Amino acid sequence: MLAQTRDQFEQAAHWYERAARAGLTSAQVLLGSMYIDGRGVPSDGVRAYAWFNRANLDGHPNAARARDAIGNQLTSQQLAQAEALSKSFAAPK
């Protein structure tokens with residue numbers, strides 16, 4: 001996204017989230033990556049996992065690998081929280 005290339009990470013995160021909530025898996029993965037790195041959003045492993053999990057559930061071919069790498073760093077309570085959060089991110093049908 002053009003906003004990200006201009007170091008406008010907060011604006012990029014806003015638009016990625018809109019696209020991610022609409023079910024665009026590439027935006028879900030990009031947003032998850034932003035939560036890992038804390039670019040435009042606070043660094044948050046739970047939210048990163050949730051977005052990667054949502055992307056995996058929505059059919060992104062590489063999201064499970066990133067989700068699992070983050071999941072290995074989370075507590076069981078954080079994993080449960082992330083799983084619930086990813087379900088809340090499902091695009092409306």
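1. Before we look at two helices, a quick definition: a helix axis is a line fitted to C-alpha atoms over the stretch in contact, and angles run from 0 to 180 degrees between N-to-C directions. Keep in mind that this is a predicted model.

2. With that in hand, take helix α2 (residues 9-21) and helix α3 (residues 25-37): their axes come within 8 Å and cross at roughly 140°. Angles over 145 degrees would count as roughly antiparallel, so α2 is oblique to α3. The crossing of α2 and α3 is left-handed.

3. Who touches whom here? From α2, the residues include Phe9, Tyr16 and Glu17, and they meet a set in α3 that includes Leu30, Met34 and Tyr35. Sorted by class, the contact of α2 with α3 has 11 nonpolar residues, one polar and one charged.

4. Now for helix α4 (residues 45-57) and helix α6 (residues 76-88): their axes also come within 8 Å, but cross at roughly 50°. That makes α4 oblique to α6. This crossing is right-handed.

5. On the α4 side, the contact residues include Tyr49, Asn53 and Arg54, while those on the α6 side include Leu79, Glu83 and Leu85. The contact of α4 with α6 divides into seven nonpolar, four polar and four charged residues.

Methods:
Residues are numbered from 1 along each chain as its sequence is written. This is a predicted model: local features need pLDDT of at least 70, side-chain atom pairs count only at pLDDT 80 or more; totals for chains, interfaces and linings use all residues. Side-chain values use heavy atoms; hydrogens and water are left out. Helices (H or I, at least four residues) and strands (E, at least two) are DSSP runs, numbered from the N terminus. Angles under 35 degrees count as roughly parallel, over 145 as roughly antiparallel, 65 to 115 as roughly perpendicular and the rest as oblique. A crossing is left-handed if the near helix is turned anticlockwise from the far one by less than a right angle, and right-handed if clockwise. Contact means heavy atoms within 4.5 Å. Ala, Val, Leu, Ile, Met, Phe, Trp, Tyr, Cys and Pro count as nonpolar, Asp, Glu, Lys and Arg as charged, and the others, Gly among them, as polar.
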